[in-house]
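Welcome! Please take a moment to look at the sequence and the structure below, and then let us walk through its aromatic rings together.

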Amino acid sequence: MTMNLSWLEDFQALAQSGNFSRAAELRHMTQPAFSRRIRALEEWLRVPLFDRSTHPVTLTETGEWFRGIADEILNRVARVPDEARAVADASAATLRFAATHALSLTFLPAWLRRLEARTPIGPIQLVSDVAAHGEALMVQGRVQFLLCHAHPHAPGRLDPVAFRSLRVGSDTLLPVSAPRADGTPAFCLDTAAGERVPLLAYTAESGLGRVVRAVRGDALERLRAEPVFTAHLATLLKSMALEGRGVAWLPRSLIEDELRDARLVPAGGGTWPIEIEIRLFRRAAAELPAAEAFWRAAGAD
């Protein structure tokens, strides 16, 4: 048997009046029907709530305890619509973002601060992951925006008919290496043909790896650049490069401090860097007002 919330209101009416006839009248039903509902509540609890031998009827000890429980449940239920509306309002105002891990650490904070100087921005819910996961979240409708690196020769998996994007920044993918004692790179892409170059590579899920393979993949194959370590996070590849494990293609925005301090140095000449864009993606369909306002602010940046 499943408990019916209306039984709690029946219980309250009888506890207050102490009379089945009066309580049934208050509940707009016949006395037999009302009595059956009180009995059903007691059967659900498996204990009597009323002492029917007294006139008026009185609550049993369990009934006295249950009176507070019934009041608490009904008061909680009464608050649910207002709370549901509050949650819906908060959800409508919340911006749901996916961003690649590297941009979450470097570009996103300052970019948001710049936008907030011109327009109010409400709560933000961020998922920081690889580009492939962010694209999947966009397709599933679980996020409203995706912030990631992009290159025209390495298109992503979002259908340009169903999704729009705009350029919100730029970056450069640099091949870098830890330096030798004399400041030259420990590993260099401008090495003699046929000489092995250890490569710190991205996984297939990485958007940056997608760009490197599309733009410099053939040149790296000719150099016999051999992956010695593979990961999907640029931050992890940066750590391995700092340890002198090989050449990593990293966004300049992620390694500005290391380049300035010469803890990482370019691992090749001027033909190797890749200019990339930072793009914000959204669905082509109309979004909630808060998301539309943010899109307009981002486009005016």
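Here is a short tour of ring pairs and the parts of the chain they link. The model is predicted, so to speak of local features pLDDT of at least 70 is needed, side-chain atom pairs count only at pLDDT 80 or more, and totals for chains, interfaces and linings use all residues. Residues are numbered from 1 along each chain as its sequence is written, and side-chain values use heavy atoms, with hydrogens and water left out.

A pair of aromatic rings is described by the distance of the centres and the angle of the planes. Rings of Phe, Tyr and Trp (its six-membered ring) pair if their centres lie within 6.5 Å; planes under 30 degrees apart are stacked, over 60 edge-to-face, and the rest tilted. By this rule there are 12 aromatic pairs. In one of them, Phe-11 and Phe-50 have ring centres 5.4 Å apart and planes at 50°, so this pair is tilted. Phe-11 belongs to helix α1 (residues 5–17) and Phe-50 to strand β1 (residues 50–51), 39 residues apart. Helices (H or I, at least four residues) and strands (E, at least two) are DSSP runs, numbered from the N terminus. Phe-11 is buried because its relative accessibility is 0%; buried means under 20% relative accessible area (1.4 Å probe, protein chains only). Phe-50, at 4%, counts as buried too.

Next, the centres of Phe-97 and Trp-111 lie 6.5 Å apart with planes at 80°, so they meet edge-to-face. Both residues are buried. Ring pairs also join Phe-97 and Trp-111 into a cluster with Phe-107, Phe-145, Phe-294 and Trp-295.

Definitions and conventions. Buried means under 20% relative accessible area, exposed over 50%, partly exposed in between (1.4 Å probe, protein chains only).
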